[in-house]
Amino acid sequence: MKKKHIFYIVIILALLAAAVLVIILSEKKSPVVEETIKEEKIPEKYGIPLEGWTLYSDTVRQGDYLGTILSRYGITAQQIDKIGRMSTDSFNTTLINVGRTYTVFSDTLTDDNPVAKIFVYENSDVRFTKYDFRNPDTIIIEKLRKPIDTVTLEASGVIKYSLWQTMLDNDYNWELALALSQTFAWTVDFYALQPGDWFKAIYNEYYVEGKRIGIGEIKAGVFFNGGKELWAIPFTQDSVTCFFDTVGNSMRKTFLKAPLEYTGISSRYSNARMHPILHQVTEHLAVDFCAPAGTPVYAASDGVITTRAFQTGAGNYVAIRHNSVYSTVYMHFSSFGKYNVGERVNQGDVIGYVGSTGWSTGPHLHYEVHENGVKIDPLSFEPPPAEPVDSANMERFNKEKRGWIDRINKIEVKKGNK
Ligand SMILES: [Zn+2]
(Lines give C-alpha, C1' and ligand atoms only; values in the text may rest on other atoms or scores of the structure.)
Protein backbone atom coordinates (compact mmCIF):
# COMPACT_ATOMS: atom_id res chain seq x y z
CA MET A 1 0.00 0.00 0.00
CA LYS A 2 2.66 2.51 1.10
CA LYS A 3 4.85 1.61 -1.87
CA LYS A 4 1.96 2.39 -4.18
CA HIS A 5 1.50 5.77 -2.50
CA ILE A 6 5.16 6.67 -2.92
CA PHE A 7 4.96 5.53 -6.52
CA TYR A 8 2.03 7.92 -7.18
CA ILE A 9 3.74 10.81 -5.40
CA VAL A 10 6.89 10.30 -7.48
CA ILE A 11 4.83 10.30 -10.68
CA ILE A 12 2.94 13.46 -9.65
CA LEU A 13 6.18 15.22 -8.73
CA ALA A 14 7.76 14.19 -12.01
CA LEU A 15 4.74 15.51 -13.93
CA LEU A 16 4.85 18.77 -11.99
CA ALA A 17 8.57 19.18 -12.67
CA ALA A 18 7.98 18.53 -16.36
CA ALA A 19 5.13 21.09 -16.44
CA VAL A 20 7.32 23.73 -14.75
CA LEU A 21 10.11 22.98 -17.22
CA VAL A 22 7.73 23.36 -20.17
CA ILE A 23 6.51 26.71 -18.80
CA ILE A 24 10.07 27.96 -18.28
CA LEU A 25 11.14 26.85 -21.75
CA SER A 26 8.10 28.32 -23.47
CA GLU A 27 8.59 31.61 -21.62
CA LYS A 28 12.18 31.72 -22.77
CA LYS A 29 11.04 31.32 -26.35
CA SER A 30 8.34 33.96 -26.04
CA PRO A 31 9.20 37.11 -28.02
CA VAL A 32 7.43 39.25 -25.40
CA VAL A 33 10.14 38.44 -22.86
CA GLU A 34 12.86 39.32 -25.40
CA GLU A 35 11.24 42.64 -26.20
CA THR A 36 11.17 43.77 -22.58
CA ILE A 37 14.91 43.08 -22.38
CA LYS A 38 15.51 45.08 -25.55
CA GLU A 39 13.62 48.06 -24.23
CA GLU A 40 16.47 48.93 -21.87
CA LYS A 41 18.64 50.21 -24.69
CA ILE A 42 22.32 50.19 -23.83
CA PRO A 43 23.99 53.28 -25.33
CA GLU A 44 26.26 52.22 -28.16
CA LYS A 45 28.14 53.57 -31.16
CA TYR A 46 29.07 51.53 -34.25
CA GLY A 47 27.37 48.62 -32.46
CA ILE A 48 29.86 48.83 -29.56
CA PRO A 49 28.40 49.37 -26.05
CA LEU A 50 29.87 52.64 -24.78
CA GLU A 51 30.31 51.64 -21.14
CA GLY A 52 33.95 51.59 -20.03
CA TRP A 53 35.27 53.41 -23.10
CA THR A 54 36.58 56.92 -23.62
CA LEU A 55 35.96 58.06 -27.21
CA TYR A 56 38.22 60.36 -29.21
CA SER A 57 36.85 61.57 -32.57
CA ASP A 58 38.55 63.62 -35.27
CA THR A 59 38.57 64.03 -39.04
CA VAL A 60 41.25 62.90 -41.47
CA ARG A 61 43.47 65.84 -42.40
CA GLN A 62 45.65 66.55 -45.43
CA GLY A 63 48.74 64.35 -45.25
CA ASP A 64 47.22 61.82 -42.83
CA TYR A 65 47.63 58.14 -43.50
CA LEU A 66 45.88 55.38 -41.59
CA GLY A 67 49.30 54.39 -40.21
CA THR A 68 50.20 57.89 -38.96
CA ILE A 69 46.83 58.26 -37.22
CA LEU A 70 47.03 54.82 -35.61
CA SER A 71 50.61 55.37 -34.39
CA ARG A 72 49.39 58.46 -32.50
CA TYR A 73 47.10 56.12 -30.57
CA GLY A 74 49.71 53.57 -29.54
CA ILE A 75 49.39 51.11 -32.42
CA THR A 76 52.79 49.59 -33.17
CA ALA A 77 54.56 49.60 -36.52
CA GLN A 78 54.20 45.79 -36.67
CA GLN A 79 50.44 46.03 -36.22
CA ILE A 80 50.18 48.76 -38.88
CA ASP A 81 52.24 46.60 -41.22
CA LYS A 82 49.88 43.70 -40.52
CA ILE A 83 46.86 45.85 -41.49
CA GLY A 84 48.56 46.70 -44.79
CA ARG A 85 49.08 43.01 -45.49
CA MET A 86 45.41 42.28 -44.73
CA SER A 87 44.42 44.64 -47.55
CA THR A 88 43.35 43.23 -50.93
CA ASP A 89 41.83 44.72 -54.07
CA SER A 90 38.33 43.91 -52.91
CA PHE A 91 38.99 44.47 -49.21
CA ASN A 92 40.94 47.70 -48.90
CA THR A 93 41.82 48.23 -45.27
CA THR A 94 44.15 51.25 -45.53
CA LEU A 95 42.38 53.76 -47.79
CA ILE A 96 41.19 56.88 -45.96
CA ASN A 97 39.97 60.20 -47.32
CA VAL A 98 40.52 63.75 -46.09
CA GLY A 99 37.56 65.13 -44.16
CA ARG A 100 36.10 61.80 -43.07
CA THR A 101 35.54 61.02 -39.41
CA TYR A 102 37.39 58.46 -37.28
CA THR A 103 36.81 57.44 -33.68
CA VAL A 104 39.17 55.84 -31.18
CA PHE A 105 37.76 53.63 -28.40
CA SER A 106 40.25 53.66 -25.54
CA ASP A 107 40.34 52.46 -21.94
CA THR A 108 44.04 52.98 -21.20
CA LEU A 109 46.54 55.81 -21.31
CA THR A 110 50.25 55.48 -22.00
CA ASP A 111 52.24 58.62 -21.06
CA ASP A 112 48.93 60.55 -20.98
CA ASN A 113 48.15 59.41 -24.54
CA PRO A 114 45.05 57.30 -25.18
CA VAL A 115 45.73 53.84 -26.61
CA ALA A 116 43.32 52.62 -29.28
CA LYS A 117 41.66 49.29 -28.54
CA ILE A 118 39.10 49.78 -31.30
CA PHE A 119 39.49 52.20 -34.21
CA VAL A 120 36.53 53.09 -36.44
CA TYR A 121 36.87 54.90 -39.77
CA GLU A 122 33.71 56.20 -41.47
CA ASN A 123 33.97 55.35 -45.18
CA SER A 124 30.65 57.10 -45.85
CA ASP A 125 27.58 58.26 -43.95
CA VAL A 126 26.47 54.63 -43.88
CA ARG A 127 29.55 52.42 -44.14
CA PHE A 128 32.39 52.18 -41.64
CA THR A 129 35.47 50.03 -41.06
CA LYS A 130 36.15 48.67 -37.57
CA TYR A 131 39.71 47.74 -36.55
CA ASP A 132 39.70 45.72 -33.33
CA PHE A 133 43.06 45.58 -31.47
CA ARG A 134 41.74 44.06 -28.24
CA ASN A 135 43.39 40.70 -28.87
CA PRO A 136 47.19 41.30 -28.98
CA ASP A 137 47.71 38.35 -31.37
CA THR A 138 45.15 39.18 -34.05
CA ILE A 139 43.64 42.28 -35.59
CA ILE A 140 40.01 41.94 -36.60
CA ILE A 141 38.99 44.23 -39.45
CA GLU A 142 35.33 44.43 -40.38
CA LYS A 143 33.47 46.51 -42.97
CA LEU A 144 30.09 47.30 -41.51
CA ARG A 145 26.99 49.42 -42.03
CA LYS A 146 25.13 51.63 -39.62
CA PRO A 147 21.45 50.77 -39.22
CA ILE A 148 19.30 52.67 -41.73
CA ASP A 149 15.94 54.02 -40.60
CA THR A 150 13.19 54.20 -43.21
CA VAL A 151 10.56 56.91 -42.93
CA THR A 152 7.52 56.65 -45.19
CA LEU A 153 6.27 60.03 -46.43
CA GLU A 154 3.59 61.43 -48.72
CA ALA A 155 4.07 64.00 -51.47
CA SER A 156 1.83 65.80 -53.91
CA GLY A 157 2.00 68.74 -56.27
CA VAL A 158 0.50 70.51 -59.25
CA ILE A 159 2.64 71.26 -62.30
CA LYS A 160 2.75 74.95 -63.16
CA TYR A 161 5.95 75.26 -65.16
CA SER A 162 7.95 72.09 -64.67
CA LEU A 163 8.26 69.15 -62.32
CA TRP A 164 11.48 70.67 -60.91
CA GLN A 165 9.74 73.96 -60.17
CA THR A 166 6.90 72.09 -58.47
CA MET A 167 9.47 70.34 -56.27
CA LEU A 168 10.98 73.70 -55.28
CA ASP A 169 7.57 75.32 -54.66
CA ASN A 170 6.58 72.48 -52.32
CA ASP A 171 9.99 72.23 -50.59
CA TYR A 172 10.61 68.71 -51.84
CA ASN A 173 14.06 67.38 -52.54
CA TRP A 174 15.14 67.20 -56.19
CA GLU A 175 15.67 63.47 -55.67
CA LEU A 176 11.91 63.10 -55.45
CA ALA A 177 11.55 64.44 -59.02
CA LEU A 178 14.13 61.90 -60.12
CA ALA A 179 12.35 59.05 -58.32
CA LEU A 180 9.00 60.09 -59.85
CA SER A 181 10.46 60.31 -63.36
CA GLN A 182 11.91 56.81 -62.96
CA THR A 183 8.72 55.26 -61.59
CA PHE A 184 6.52 56.84 -64.25
CA ALA A 185 9.11 56.70 -67.07
CA TRP A 186 7.03 54.40 -69.26
CA THR A 187 3.63 56.04 -68.81
CA VAL A 188 4.16 59.79 -68.26
CA ASP A 189 5.78 61.94 -70.92
CA PHE A 190 7.87 64.19 -68.70
CA TYR A 191 8.82 66.37 -71.67
CA ALA A 192 5.16 67.12 -72.34
CA LEU A 193 3.85 67.92 -68.86
CA GLN A 194 1.06 70.50 -68.97
CA PRO A 195 0.12 73.13 -66.40
CA GLY A 196 -2.51 71.54 -64.19
CA ASP A 197 -1.03 68.04 -64.36
CA TRP A 198 -0.53 66.71 -60.83
CA PHE A 199 0.87 63.84 -58.83
CA LYS A 200 0.47 62.11 -55.47
CA ALA A 201 2.97 59.63 -54.14
CA ILE A 202 4.02 57.61 -51.12
CA TYR A 203 7.79 57.30 -50.85
CA ASN A 204 10.59 56.34 -48.48
CA GLU A 205 13.33 58.50 -47.06
CA TYR A 206 16.39 56.95 -45.42
CA TYR A 207 18.06 58.22 -42.29
CA VAL A 208 21.23 57.23 -40.49
CA GLU A 209 21.66 58.49 -36.91
CA GLY A 210 18.94 61.07 -37.55
CA LYS A 211 20.68 62.40 -40.67
CA ARG A 212 18.82 62.18 -43.96
CA ILE A 213 20.88 60.23 -46.47
CA GLY A 214 18.48 60.12 -49.40
CA ILE A 215 15.21 59.17 -50.97
CA GLY A 216 14.48 55.56 -51.55
CA GLU A 217 12.00 54.30 -54.00
CA ILE A 218 8.50 55.53 -54.69
CA LYS A 219 6.20 53.04 -52.96
CA ALA A 220 3.08 53.85 -54.97
CA GLY A 221 1.61 56.85 -56.73
CA VAL A 222 -0.59 58.44 -59.34
CA PHE A 223 0.32 60.98 -62.01
CA PHE A 224 -2.35 62.97 -63.85
CA ASN A 225 -0.98 63.57 -67.36
CA GLY A 226 -2.54 63.69 -70.81
CA GLY A 227 -6.03 63.85 -69.25
CA LYS A 228 -5.59 60.49 -67.50
CA GLU A 229 -4.78 59.24 -64.02
CA LEU A 230 -1.78 56.99 -64.45
CA TRP A 231 -1.37 54.75 -61.41
CA ALA A 232 1.73 52.99 -60.17
CA ILE A 233 0.65 50.12 -57.91
CA PRO A 234 3.44 47.97 -56.51
CA PHE A 235 2.90 44.24 -56.49
CA THR A 236 5.16 41.28 -55.78
CA GLN A 237 4.84 38.06 -57.73
CA ASP A 238 7.49 35.37 -58.16
CA SER A 239 9.40 37.39 -55.52
CA VAL A 240 9.84 40.32 -57.95
CA THR A 241 8.17 43.66 -57.16
CA CYS A 242 7.03 45.71 -60.16
CA PHE A 243 4.61 48.56 -60.76
CA PHE A 244 1.27 47.86 -62.40
CA ASP A 245 -1.68 49.96 -63.52
CA THR A 246 -5.10 49.53 -61.91
CA VAL A 247 -6.06 46.55 -64.08
CA GLY A 248 -2.79 44.73 -63.44
CA ASN A 249 -0.87 45.57 -66.62
CA SER A 250 2.82 46.25 -66.24
CA MET A 251 3.71 49.93 -66.43
CA ARG A 252 6.64 49.02 -68.60
CA LYS A 253 6.29 48.72 -72.37
CA THR A 254 8.32 46.18 -74.26
CA PHE A 255 10.35 46.86 -77.38
CA LEU A 256 9.92 45.02 -80.66
CA LYS A 257 12.79 42.57 -81.18
CA ALA A 258 13.26 44.21 -84.60
CA PRO A 259 11.36 47.23 -85.94
CA LEU A 260 10.68 45.61 -89.37
CA GLU A 261 10.43 42.33 -91.24
CA TYR A 262 14.00 41.88 -92.41
CA THR A 263 15.76 39.42 -94.66
CA GLY A 264 19.20 39.57 -93.02
CA ILE A 265 21.62 41.53 -90.92
CA SER A 266 24.40 43.18 -92.93
CA SER A 267 26.22 44.84 -90.06
CA ARG A 268 26.10 44.20 -86.35
CA TYR A 269 26.90 46.45 -83.42
CA SER A 270 30.67 46.83 -83.05
CA ASN A 271 33.21 49.29 -81.81
CA ALA A 272 35.32 48.98 -85.01
CA ARG A 273 34.43 48.06 -88.61
CA MET A 274 35.46 49.03 -92.14
CA HIS A 275 32.93 51.58 -93.36
CA PRO A 276 31.70 50.45 -96.83
CA ILE A 277 31.67 53.98 -98.25
CA LEU A 278 34.21 55.90 -96.20
CA HIS A 279 36.66 52.91 -96.37
CA GLN A 280 38.04 53.59 -92.97
CA VAL A 281 37.60 51.85 -89.66
CA THR A 282 34.71 53.41 -87.80
CA GLU A 283 32.54 52.15 -85.00
CA HIS A 284 29.05 50.93 -85.82
CA LEU A 285 26.94 51.36 -82.71
CA ALA A 286 23.82 50.09 -84.45
CA VAL A 287 22.40 47.18 -86.43
CA ASP A 288 21.84 47.23 -90.18
CA PHE A 289 18.78 45.21 -91.16
CA CYS A 290 18.51 44.23 -94.87
CA ALA A 291 15.05 44.47 -96.39
CA PRO A 292 13.60 45.36 -99.80
CA ALA A 293 13.06 49.08 -100.45
CA GLY A 294 9.62 50.12 -99.33
CA THR A 295 9.39 47.67 -96.38
CA PRO A 296 7.48 49.42 -93.57
CA VAL A 297 9.46 50.27 -90.42
CA TYR A 298 7.62 50.29 -87.09
CA ALA A 299 8.07 52.29 -83.91
CA ALA A 300 9.89 49.84 -81.61
CA SER A 301 7.84 51.01 -78.64
CA ASP A 302 5.44 53.79 -77.62
CA GLY A 303 6.97 57.24 -77.71
CA VAL A 304 7.18 60.69 -79.24
CA ILE A 305 8.81 61.56 -82.59
CA THR A 306 11.70 63.91 -81.81
CA THR A 307 13.38 64.05 -85.25
CA ARG A 308 12.14 63.56 -88.80
CA ALA A 309 14.71 65.04 -91.16
CA PHE A 310 17.27 64.53 -93.91
CA GLN A 311 20.96 64.46 -93.08
CA THR A 312 23.92 63.79 -95.42
CA GLY A 313 24.99 60.55 -93.70
CA ALA A 314 21.72 59.33 -92.18
CA GLY A 315 19.55 60.18 -95.17
CA ASN A 316 15.88 60.40 -94.22
CA TYR A 317 15.87 59.50 -90.57
CA VAL A 318 13.53 59.42 -87.56
CA ALA A 319 14.26 59.48 -83.84
CA ILE A 320 11.73 58.44 -81.17
CA ARG A 321 11.98 59.20 -77.47
CA HIS A 322 10.28 56.37 -75.55
CA ASN A 323 10.85 57.67 -72.04
CA SER A 324 13.51 59.45 -70.04
CA VAL A 325 15.84 56.48 -70.49
CA TYR A 326 15.33 55.00 -73.99
CA SER A 327 15.33 56.47 -77.52
CA THR A 328 15.58 54.77 -80.92
CA VAL A 329 16.90 56.07 -84.27
CA TYR A 330 15.99 54.80 -87.77
CA MET A 331 18.03 55.81 -90.88
CA HIS A 332 18.10 55.69 -94.71
CA PHE A 333 14.29 55.78 -95.23
CA SER A 334 13.02 56.07 -98.80
CA SER A 335 10.02 57.96 -97.39
CA PHE A 336 8.53 58.84 -94.01
CA GLY A 337 5.35 57.65 -92.30
CA LYS A 338 2.57 60.06 -91.44
CA TYR A 339 3.90 61.10 -88.00
CA ASN A 340 5.53 64.46 -87.50
CA VAL A 341 7.89 65.78 -84.84
CA GLY A 342 6.12 66.06 -81.48
CA GLU A 343 3.48 63.46 -82.30
CA ARG A 344 2.94 60.35 -80.19
CA VAL A 345 3.36 56.95 -81.78
CA ASN A 346 2.36 53.57 -80.48
CA GLN A 347 4.47 50.47 -80.80
CA GLY A 348 4.01 49.10 -84.32
CA ASP A 349 2.98 52.39 -85.98
CA VAL A 350 4.67 52.83 -89.37
CA ILE A 351 7.21 55.66 -89.10
CA GLY A 352 8.93 55.20 -92.48
CA TYR A 353 9.92 52.86 -95.31
CA VAL A 354 13.23 51.13 -95.99
CA GLY A 355 15.39 52.94 -98.52
CA SER A 356 18.99 53.82 -99.32
CA THR A 357 19.14 57.56 -98.75
CA GLY A 358 22.31 59.07 -97.25
CA TRP A 359 25.52 57.04 -96.98
CA SER A 360 24.16 53.68 -97.93
CA THR A 361 25.20 51.03 -100.45
CA GLY A 362 21.77 49.41 -100.75
CA PRO A 363 18.32 49.32 -99.14
CA HIS A 364 18.63 48.69 -95.41
CA LEU A 365 17.56 50.05 -92.05
CA HIS A 366 20.24 51.40 -89.73
CA TYR A 367 18.72 51.01 -86.25
CA GLU A 368 20.07 52.46 -83.00
CA VAL A 369 18.92 52.07 -79.39
CA HIS A 370 20.03 54.77 -76.97
CA GLU A 371 20.01 54.08 -73.24
CA ASN A 372 20.58 57.22 -71.17
CA GLY A 373 22.17 58.76 -74.27
CA VAL A 374 24.56 55.84 -74.86
CA LYS A 375 24.19 53.75 -78.01
CA ILE A 376 23.73 50.15 -76.93
CA ASP A 377 23.55 46.94 -78.96
CA PRO A 378 19.94 46.62 -80.22
CA LEU A 379 20.31 42.84 -80.62
CA SER A 380 21.50 42.10 -77.10
CA PHE A 381 19.21 44.75 -75.57
CA GLU A 382 16.96 43.12 -73.02
CA PRO A 383 14.11 45.52 -72.34
CA PRO A 384 12.63 45.26 -68.86
CA PRO A 385 10.01 42.53 -68.66
CA ALA A 386 6.41 43.60 -68.96
CA GLU A 387 4.43 40.66 -67.67
CA PRO A 388 0.97 41.56 -66.32
CA VAL A 389 -0.29 40.37 -62.93
CA ASP A 390 -0.79 36.62 -63.20
CA SER A 391 -4.47 35.61 -63.13
CA ALA A 392 -3.72 33.36 -60.15
CA ASN A 393 -2.52 36.43 -58.22
CA MET A 394 -5.33 38.78 -59.31
CA GLU A 395 -7.37 38.46 -56.11
CA ARG A 396 -4.36 39.36 -53.94
CA PHE A 397 -3.43 42.18 -56.36
CA ASN A 398 -6.94 43.69 -56.21
CA LYS A 399 -6.90 43.61 -52.41
CA GLU A 400 -3.49 45.27 -52.14
CA LYS A 401 -4.38 47.73 -54.92
CA ARG A 402 -7.49 48.86 -52.99
CA GLY A 403 -5.28 49.59 -49.98
CA TRP A 404 -2.83 51.71 -51.99
CA ILE A 405 -5.56 53.61 -53.86
CA ASP A 406 -7.45 54.39 -50.64
CA ARG A 407 -4.25 55.66 -49.03
CA ILE A 408 -3.24 57.80 -52.00
CA ASN A 409 -6.73 59.21 -52.53
CA LYS A 410 -6.54 60.60 -48.99
CA ILE A 411 -3.50 62.70 -49.92
CA GLU A 412 -4.54 66.27 -50.65
CA VAL A 413 -2.98 67.77 -53.78
CA LYS A 414 -0.73 70.59 -52.62
CA LYS A 415 -1.03 73.72 -54.72
CA GLY A 416 2.46 74.97 -53.78
CA ASN A 417 3.20 78.20 -51.97
CA LYS A 418 4.00 80.36 -55.00
ZN1 LIG B 1 24.38 51.19 -90.13
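This is a predicted model: local features need pLDDT of at least 70, side-chain atom pairs count only at pLDDT 80 or more; totals for chains, interfaces and linings use all residues.
I found five strands in the order β8-β9-β10-β11-β12, and their pairing is antiparallel. I then looked for the edges. They are β8 (149-158) and β12 (240-244), each of which pairs on one side only.

I looked up how β8 meets β9 (residues 198-208). The two pair in the antiparallel sense over ten bridges.

Next I turned to α6, residues 174-183. This helix lies across β8, β9, β10 (211-225), β11 (228-237) and β12. I noted its angle to β10 as about 45°.

**Largest core.** I asked which residues touch the most other members of the largest nonpolar core. They are L176, L180, Y203, A232, I233 and F244, out of 33 residues in that core. I listed the elements that supply at least two residues each: α5 (163-169), α6, β9, β10, β11, β12 and α7 (394-409). β10 gives the most, with five residues. In general, nonpolar side chains tend to be buried together in soluble globular proteins.

**L176.** Leaving aside neighbours within four places in sequence, I found L176 in contact with A155, M167, Y203 and I215.

**Second core.** I also noted a separate core of 28 residues. Y262, V287, Y298 and F336 are included in this second core.

Definitions and conventions
Residues are numbered from 1 along each chain as its sequence is written. Two strands pair if DSSP finds at least two bridges between them. Helices (H or I, at least four residues) and strands (E, at least two) are DSSP runs, numbered from the N terminus. Two residues are in contact if their C-beta atoms, placed from the backbone, lie within 7 Å. Axes are lines fitted to C-alpha atoms, for helices over the stretch in contact, and angles run from 0 to 180 degrees between N-to-C directions. A nonpolar core is a set of buried Ala, Val, Leu, Ile, Met, Phe, Trp, Tyr and Cys residues joined through C-beta atoms within 7 Å. A residue is buried if 20 or more other C-beta atoms lie within 10 Å of its own, exposed if 12 or fewer, and partly exposed in between; C-beta atoms are placed from the backbone.
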